[in-house]
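Open the model in a viewer and keep the selection tool at hand. The stops below are meant to be taken in order.

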Amino acid sequence: MLHSIRWRFGFPFVALILVVMTVLGVYLSLFIHRTYLDSLDSRLLSEARLVAQTLSILRQNRSEVDFDQLAREWAGTLGSRVTIIAEDGQVLGDSQIEHWKLDNHLNRPEVTQALSTGSGLVTRFSASLGENLRYGAVSLSSPDGSRLVLRIAIPMDQIQKNITQLQAMLIGTTVLAALTAIVLVGMIARKTTQPLRELTVAATKISRGDFSEKGSIYRPAVNQVDEIEQLSDAFNVMADRLYQQIKALEDERKQTSAVLQEMTDGVVIINQEGAIQLINPAALKMLDIEVKKPLERSMVEVLRYHQFVDAWRQVRKSGGTAS
């Protein structure tokens, strides 16, 4: 099946589609991964700044603030871990662990970046939670002149799960697009090669002497002549001429056979291999041949007269005549 013209026509396009879609799928998968992380980082910093502004307003209006309670409330709203850290690294509040149970965070890389540049983004292992987290932190100034760090974190497992879901959707879409393209290529290949298959069937029948069906002429949808139509037309012309020649030869053979049948002289036609090709009734009677089917049999077996054999050999050797 793979050697058919339909497959040879369509396979390069199918292979090209698969290669292109594979490369495109890999590229888009990496692009989605990077874009999602960039969007997540932007979201973490935006949420951290928003919470920092809210915290600044609360501290201006309240004499005492329960940082743990605030962290838990904001975490419930954002769906993330929220941590409030003093300038010296002391944890003032955390949404998941009581602040007094946590170590000093001054040496945490995201805190260091926030205190030095205003914001920080880090992916690292959390010793307190025992999992990898993506941290986003920003610094804000307190009314008393000191600075605080507002940190928001999301588990990497959750991030990877979201990315995997997006990549699965992309892979499904890519596979569906590839299958659709392959089906279209198959339909186009079938439509394009259909006239050639019809010509092949017609040529096979003609090779067996069956002229009942010639190649059907392919007519394109637009009013123009293409190569397949020209081939079909040429095939039809050739088939007509071949049929006429074979018919003429057949008529001539019938006429010759009719003449031979009526001749009173005996006629025997022998080929180069010594097999009888034709023998008329007069020869059968004269030579008293009783073989029912003498054609294509050896003349030695049928004629049984060495004079005929000697004469045939002499003619074959000299190319002349013998009597």
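Predicted model: local features only at pLDDT ≥ 70, side-chain atom pairs only at ≥ 80, totals over all residues.

Residues are numbered from 1 along each chain as its sequence is written, and side-chain values use heavy atoms, with hydrogens and water left out.

**Helix H3**

Select residues 109-117, which form helix H3; helices (H or I, at least four residues) and strands (E, at least two) are DSSP runs, numbered from the N terminus. Glu110, Val111, Ala114 and Leu115 are buried here, where buried means under 20% relative accessible area, exposed over 50% and partly exposed in between (1.4 Å probe, protein chains only). These residues lie on the same side of H3, because they cover an arc of only 130° around the axis, taken from the directions from the helix axis to the C-beta atoms. On the face turned away from that buried side, find the exposed Ser116 and Thr117.

Glycine 118 follows H3 and has a positive phi, near 100°.

**Glutamate 110**

Stay in H3 and select glutamate 110, which is buried at 0% relative accessibility. Leaving aside residues up to four places away in sequence, glutamate 110 touches Gly120, Val122, Arg124, Tyr135, Ala137 and Arg151 (contact: heavy atoms within 4.5 Å). Its side chain is joined to that of arginine 124 by a polar contact of 2.7 Å. A polar contact is a pair of N or O atoms within 3.5 Å; within protein, one must be able to donate a hydrogen and the other to accept it, and residues adjacent in sequence count only if both atoms are side-chain atoms.

**Arginine 81**

Move to strand S1 and select arginine 81. Arginine 81 is buried, with a relative accessible area of 3%, and its side chain makes a polar contact of 3.0 Å with the side chain of aspartate 94.

**The cavity lining**

Which residues line the largest cavity? Select Arg81, His105, Arg108, Arg124, Ser126, Ala127, Ser128, Tyr135 and Arg151. A cavity is a set of points, on a 1 Å grid over the protein atoms alone, where a 1.4 Å probe fits but cannot get out; lining residues have an atom within 4 Å of a point.

**Tyrosine 305**

Finally, go to the loop between helix H7 (299-303) and helix H8 (306-318) and select tyrosine 305, which is partly exposed at 38% relative accessibility. Tyrosine 305 and leucine 287 are 18 residues apart in sequence, with 8.9 Å from C-alpha to C-alpha.

Terms used: 1 Å grid on protein atoms, 1.4 Å probe; cavity = no way out; pocket = protein on both sides within 12 Å on 5 of 7 lines; lining within 4 Å.
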